[in-house]
Amino acid sequence: MQIIEIYKSLQGESSFTGLPCVFVRLAACNLRCNWCDSEYTFTGGEKMSLEQVTSEVHRLMASGGLVEITGGEPLLQEREVLPLMKQLIEDGYTVLLETSGERPLMNVPPSVFKIIDVKCPDSGVGESFRLANLGFISKRDELKFVIASRTDYEFAREFTAQHELLSKSGNVIFSPAFRKDAKGSRDVSHCLVDPQELAKWILEDGLGVRLGLQIHKLIWEPSLKGV
Ligand code: SF4
């Protein structure tokens, strides 16, 4: 499989936030979100076998724990990624899969925790979510809306209600989008929607969703890779 990087850091944007995690970042993506902070994954990377990837995961975190499969869009390499996830589960790891929601989810092993984006209009790829994927969501999965405007917030609110996401999934996360050219200060001034404003909207509407912040962008310099 084509790998951009494998590294250990803290999980930054789900209900696993703050826990140590090994990230396996795969190359390539078929979407082009306006605020994408992972454009460096679109090309390049290194070809690695399943054994090479798992041995690197073991080296970084030998005693089990969290492994997140991410990208790019990891399911573009489904043929290689499905056996990788199965192997990591067999090896005793808790496996998270971060995916755009555009690729079919039906073959993902049921014990994987899926963190699935639903792209909002301001992403520029707002129609990309594969509605059939709603049939493959369980209580261990999380749906994430990255929100760049009030329009995005209203889309996320309506989509959550219309598809009963709070009862279908374990967690629905509304997360302010970060400016993709953010650098320098480690604070929320780089968010495209003020988290305070987003919190106010959620509370005013009485939604049962979780406000998510990308904590890695507040802990480390926002333009750093591999953290
Ligand atoms: S799906 Fe993810 S990697 Fe692909 S363009 Fe959007 S934000 Fe970037």
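Mentor: A28 lies in the loop between β2 (20–26) and β3 (46–47). Strands are DSSP E runs of at least two residues, helices H or I runs of at least four, numbered from the N terminus. The model is predicted: local features need pLDDT of at least 70, side-chain atom pairs count only at pLDDT 80 or more, and totals for chains, interfaces and linings use all residues. Residues are numbered from 1 along each chain as its sequence is written, and side-chain values use heavy atoms, without hydrogens and water.

Trainee: Why is A28 called partly exposed?

Mentor: Buried means under 20% relative accessible area, exposed over 50%, partly exposed in between (1.4 Å probe, protein chains only). A28 has 27%, so A28 is partly exposed. A28 also has a positive phi of about 85°, although it is not a glycine.

Trainee: What makes C33 count as buried?

Mentor: Its relative accessibility is 10%. That is under 20%, so C33 is buried.

Trainee: Why does C191 count as buried?

Mentor: C191 has 13% relative accessibility, again under 20%, therefore buried.

Trainee: How many disulfides are there?

Mentor: A disulfide is a pair of cysteine sulfur atoms within 2.5 Å. By this rule the count is zero. For C191, the nearest cysteine sulfur, that of C120, is 14 Å away, so C191 is in no disulfide.
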